[in-house]
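Subject: Structure handover

Hello,

Here is the structure I said I would pass on. My notes on it follow below.

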Amino acid sequence: MVEIITPDTVTIRLLGACDGCPASGLTLSEGVEKAIKEYCPEITTITKARGGVTAKPVDGIPVHFVSPFANSEDAGWEYAALLDEIPERQIKVVTVAGNEVILSRFDGKVTCYQNACAHLGMPLDMGEVRNGILICPHHAFEYSLESGECLTAPEVQLQTHAVKVVGNRVEIRFS
Ligand code: FES
């Protein structure tokens, strides 16, 4: 929850892959709103905050946490790439601590996924990318690179890793 505006309004933030996901409106209305109204009937208006969370600068360099759920932990971050090496709505594949991961960028927001299809776990990096959609080269499942959501089988999604951007440095932490 981001803020409570008395007497009847709350603002919430959806975390991790929910933020920016095309299905987040449904999550908000069918899940979160129902639960809040059931337990707090005096709340009648629920709004959604967008975007990541900013954090304290590191050595004077601004930090932008793309994955808000990672905000409270400082340990375990690994360097992955420079921000300007990651193409907009395309992919960059890097190996970090022995893991192949896929990085993508959307207006300054960076996403990171394990290089493994949610169907049979096969590598995705040779797949075609069309306007932010990655198509698995094996059986053509389609994935939103912005949210990790599988557009072919909505019940599955890519394995997401936490990302933070410190200046031009992109760091990830394995989930
Ligand atoms: S392994 Fe990717 S769609 Fe089958």
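Glutamate 171 is buried, at 11% relative accessibility (buried means under 20% relative accessible area, exposed over 50%, and partly exposed in between, with a 1.4 Å probe and protein chains only). Please note that this is a predicted model, in which local features need pLDDT of at least 70 and side-chain atom pairs count only at pLDDT 80 or more, while totals for chains, interfaces and linings use all residues. Residues are numbered from 1 along each chain as its sequence is written, and side-chain values use heavy atoms, with hydrogens and water left out.

Salt bridges

The structure has 2 salt bridges, a salt bridge being a side-chain nitrogen of Lys or Arg within 4 Å of a carboxyl oxygen of Asp or Glu. Side chains of opposite charge can pair when their charged atoms come close.

Glutamate 171 takes part in one of them, with arginine 169 as its partner and 3.1 Å from N to O. Arginine 169 is partly exposed, at 37% relative accessibility.

Another salt bridge joins arginine 130 to glutamate 128, where the closest N and O atoms are 2.9 Å apart. Arginine 130 is partly exposed, with a relative accessible area of 48%, and glutamate 128 is also partly exposed, at 45%.

Cysteines

How many disulfides does a search of the whole structure find? The search gives 0, counting as a disulfide a pair of cysteine sulfur atoms within 2.5 Å. Cysteine 40 is partly exposed, at 30% relative accessibility, whereas cysteine 117 is buried, with a relative accessible area of 6%.

Regards
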